[in-house]
Amino acid sequence: MNQDNQTPFWMAESFAPVVEETTATDLHVTGSIPTELNGRYFRNGANPKAHASPDWFLGEGMIHGVEIKNGEATWYRNRYVKTPLLELEAITRESTAAPENSFANTHIIGHAGKVLALQELHPPFEMTNELETVGMYSFDGKLERNMTAHPKICPETGEMLFFGYGIMPPFMTYHRVSATGELVQSEVIDVKAATMVHDFVITRNYVIFMDLPMLWDIPNLSKPGVPVKFDESYGARMGVMPRDGSSKDIKWFEIDPCYVYHTMNGYEHGDDVVIHAPRLVGYESVGMDAPPIPMLHEWKLNLKTGVKSERQLDDLGVDFPTVAETYVGLPHRYGYAAEFNAKGSPTILGFHKYDLNTGSKTSHMLKDGRIGAEPTFVAAKDASSEDDGYLMSFVYDPAEDKSELVIFNTNQIEQEPIARIHLPVRVPAGFHGSWIPDAA
Ligand SMILES: [Fe+2]
């Protein structure tokens with residue numbers, strides 16, 4: 001924990017924003033980078049420009065990127081997503097309500113040749129492969145509103161499926177983008193109120209919406225920070241909709257009240273839709289200021305009988321879950337997640353690989369005070385199994401005050417990384433990233 005109680009955790013130590021935009025080449029590598037990895041690893045996070053920010057989630061987005069080519073790390077660069085917000089003197093609720101004034105700080109993804117920086121209350125911002133900002137992106141004028149930071153890309157069809165939620169009606173809208181990047185469907189989804197919906201789930205035939213009791217506190221919207229409140233009386237449910245369906249086609253399932261920031265994956269098994277995600281319960285006792293610890297959970301929603309079942313899969317505090325990008329929406333055996341510090345600032349202590357068939361996990365806990373970031377799975381070329389691939393993450397070394405991009409062999413995550421790409425600077429703790437391979 002930071003010793004100075006006046007400084008919030010996201011402005012101190014490994015979380016503190018960096019001041020400079022750096023470009024570095026000739027990166028030193030320990031180990032060897034697989035030559036089949038050609039592309040860029042990009043990661044987004046809040047990097048408050050004004051050195052003051054009312055919440056971890058409310059700082060201007062900065063992307064940290066490493067390009068890899070033919071077994072070498074060709075560059076590192078970090079760049080702000082240059083939205084008009086960066087030019088404002090002060091950030092207010094009113095100013096950030098404008099679509100173009102995006103924090104653009106949560107995720108960065110690649111789809112149909114576009115690189116998009118995402119923040120859930122705003123439309124995407126397009127970036128170049130060199131992290132220059134192109135501008136707000138609207139899918140040829142078809143997306144007029146915000147887009148979740150957690151769209152899902154179907155490995156079978158290449159479609160990108162996502163939603164945007166509204167603090168004002170409509171409270172939820174679903175969108176489907178073709179493999180070539182055309183927005184082909186938008187549907188308003190009927191929900192009762194404005195809730196904070198951070199992520200969702202796809203399966204081969206369905207999308208699953210989470211309608212959970214984390215409500216926007218409308219009378220207190222102008223309060224600093226993120227004015228949401230957990231209110232169990234709202235109920236909690238998951239809605240299963242055919243990918244090309246509409247609100248009237250949704251089968252809703254009441255579930256035990258909880259919150260879910262991030263989902264690991266979902267898939268169909270017989271008449272069941274199976275969902276795995278770290279789940280948070282107990283907001284009533286701990287309150288909003290000390291959020292409960294997420295633990296991996298499973299929901300089974302039977303589309304024939306309408307019956308749901310659910311169970312906790314593990315009692316470890318993990319988040320930032322993921323699966324192989326080639327298994328999104330498909331039956332998966334393995335999942336990966338980061339272990340967070342149980343107390344104090346949410347630093348990442350290590351990585352876990354879950355084997356959901358056996359209920360076991362293998363782990364890589366970081367040593368010597370090193371701090372991890374979100375792990376990203378990259379399948380091996382011609383992968384021979386679901387877990388044949390690489391796990392990438394930034395790791396911060398406090399002794400050097402610098403970061404590395406590390407690459408693990410996912411068959412051996414308990415071992416040392418196969419490559420450590422040494423960066424000349426620190427990459428602050430942040431949110432989500434993607435491996436964006438060179439176009440085939
Ligand atoms: Fe997220």
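**Rings and an iron site**

Mentor: Let's start here: one aromatic cluster is formed by Phe 9, Trp 10, Phe 15, Trp 56, Phe 57 and Phe 431. This is a predicted model, where local features need pLDDT of at least 70, side-chain atom pairs count only at pLDDT 80 or more, and totals for chains, interfaces and linings use all residues. Residues are numbered from 1 along each chain as its sequence is written, and side-chain values use heavy atoms, with hydrogens and water left out.

Trainee: Why is the pair of Phe 57 and Phe 431 called tilted?

Mentor: The ring centres of Phe 57 and Phe 431 are 5.8 Å apart and their planes stand at 45°, so the pair is tilted. Phe 57 is in the loop between strand 3 (39-46) and strand 4 (61-69), while Phe 431 is in the loop between strand 31 and strand 32, 374 residues apart. Strands (E, at least two residues) are DSSP runs, numbered from the N terminus.

Trainee: Why is Phe 57 called partly exposed, and why is Phe 431 called buried?

Mentor: Buried means under 20% relative accessible area, exposed over 50%, partly exposed in between (1.4 Å probe, protein chains only). Phe 57 has 34% relative accessibility, so it counts as partly exposed. Phe 431 has 5%, so it counts as buried.

Trainee: What makes the pair of Phe 351 and Phe 408 edge-to-face?

Mentor: Their centres are 5.8 Å apart and their planes are at 65°, so this pair is edge-to-face. Phe 351 is in strand 26 (residues 348-355) and Phe 408 in strand 30 (residues 402-409), so the pair ties together parts 57 residues apart in sequence. Phe 351 and Phe 408 are buried.

Trainee: Which residues coordinate the iron ion, and why is its site called irregular?

Mentor: The iron ion is coordinated by His 150 (NE2), His 198 (NE2), His 262 (NE2) and His 432 (NE2), at 2.0 to 2.1 Å. Donors are N, O and S atoms within 2.8 Å of the metal (3.2 Å for Na, K and Ca); water is not among the atoms, so sites may look incomplete. Four donors count as tetrahedral if all angles lie between 85 and 135 degrees; four count as square planar and six as octahedral if opposite donors are over 155 degrees apart and all others between 65 and 115; anything else is irregular. Here the angles among the 4 donor atoms are 93 to 165°, and the site is irregular.

Notes. Phe/Tyr/Trp six-rings, centres within 6.5 Å; stacked < 30°, edge-to-face > 60°. Helix = DSSP H or I, 4+ residues; strand = E, 2+ residues; numbered from the N terminus.
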